[in-house]
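Open the model in a viewer and keep the selection panel at hand.

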Amino acid sequence: NKSLVQMVDIFEKSIVIYVIIVFMGAAFGIVNTMLMAVFERMREFGILRAVGTGRWTLFRMVIYEALFICILGTLGGFALIGLLHVLWMRHGLDMSVFAESLALFGSDVIIKPAFNTGMMVETVVTVLIMGTMSAVWPAIRAARLQPAETMRKG
C-alpha cells in the first residue's frame, strides 16, 4: 500500500509539471499573438496617440483585448470539454485491455470521469491571470509608441 501511495504521489507531481509546461506554452502563444496584434496596428496606435489617447489608455486597451481573447478561449474550451465530458459519462472509457492491472488497484474496466469544480475554478483563474500577465509586455510596447515615428514607418 505504501508503494501505491508513493506512485500516486509521483503521478500527481508529474501531472503538475506537465500542466506548468502547457501553461507556459500557452503564455508564449499569447505573448506572440499580442505582439503581432500590436505590430500590425502600429499605425492605428500612432494615430490614437496623436489624437490624444494616453499611454495608460492604450496599455489598458491591449490588456483588455488579451483578457477578451482568454475569455473566448476559455468558453470555447468549456464547450469542447463539456461535450467530451457528456460523451465520456454516457459511454465511459473501456480499459478492458488492462483488466488484470486495474483489478490489482481495485478499479473497474469502464472508467468514467469525475467532475472537480475546485480544479476547474483554479484552472480558469490561472488561465485568465496568465493571459492578462502575458499581455503586459505587448501592452507596454504599444503604450511606448511615438505617434510621429509610427505614422512615418506605416
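The stops below cover salt bridges and then pockets in this predicted model.

**Stop 1**

The salt bridges come to two by count. Select helix α1, residues 2–40, and in it Asp-9 and Lys-13, which sit four residues apart, about one turn of the helix. Their side chains form a salt bridge, with 3.2 Å between the closest N and O atoms. Colour the two by accessibility: Asp-9 is partly exposed at 34% relative accessibility, while Lys-13, with a relative accessible area of 53%, is exposed. Lys-13 is classed as exposed because its 53% is over the 50% cut-off.

**Stop 2: a pair between two elements**

Next select Glu-65 and Arg-41, whose side chains meet in a salt bridge at 2.6 Å, N to O. Are the two partners buried, exposed or partly exposed? Glu-65 has 24% relative accessibility and counts as partly exposed; Arg-41, with a relative accessible area of 23%, is partly exposed too.

**Stop 3: the largest pocket**

The largest pocket has a volume of about 770 Å³. To find its centre, select Phe-78, Ile-81, Met-119, Met-120 and Thr-123, the closest to that point of the 18 residues in the lining. Which elements each supply at least two residues of this lining? They are α3 and α5, the latter spanning 117–134. Helix α3 gives the most to the lining of the largest pocket, nine residues.

**Stop 4**

Move on to the second largest pocket, which holds about 380 Å³ of space. For its lining, select Phe-11, Glu-12, Ile-15, Val-16, Val-19, Phe-23, Met-119, Glu-122, Thr-123 and Thr-126. Two or more residues of this lining come from each of α1 and α5. The largest share, six residues, is from α1. By class, the lining of the second largest pocket has six nonpolar, two polar and two charged residues.

Finish by selecting Met-119 and Thr-123 together: they are among the residues closest to the centre of the largest pocket, and they also line the second largest pocket.

Terms used
Residues are numbered from 1 along each chain as its sequence is written. This is a predicted model: local features need pLDDT of at least 70, side-chain atom pairs count only at pLDDT 80 or more; totals for chains, interfaces and linings use all residues. Side-chain values use heavy atoms; hydrogens and water are left out. A salt bridge is a side-chain nitrogen of Lys or Arg within 4 Å of a carboxyl oxygen of Asp or Glu. Buried means under 20% relative accessible area, exposed over 50%, partly exposed in between (1.4 Å probe, protein chains only). On a 1 Å grid over the protein atoms alone, a cavity is a set of points where a 1.4 Å probe fits but cannot get out, and a pocket is an open set with protein on both sides within 12 Å along at least five of seven lines; lining residues have an atom within 4 Å of a point. Grid points are joined across faces, edges and corners, and a volume is the space filled by probe spheres set on the points. Ala, Val, Leu, Ile, Met, Phe, Trp, Tyr, Cys and Pro count as nonpolar, Asp, Glu, Lys and Arg as charged, and the others, Gly among them, as polar.
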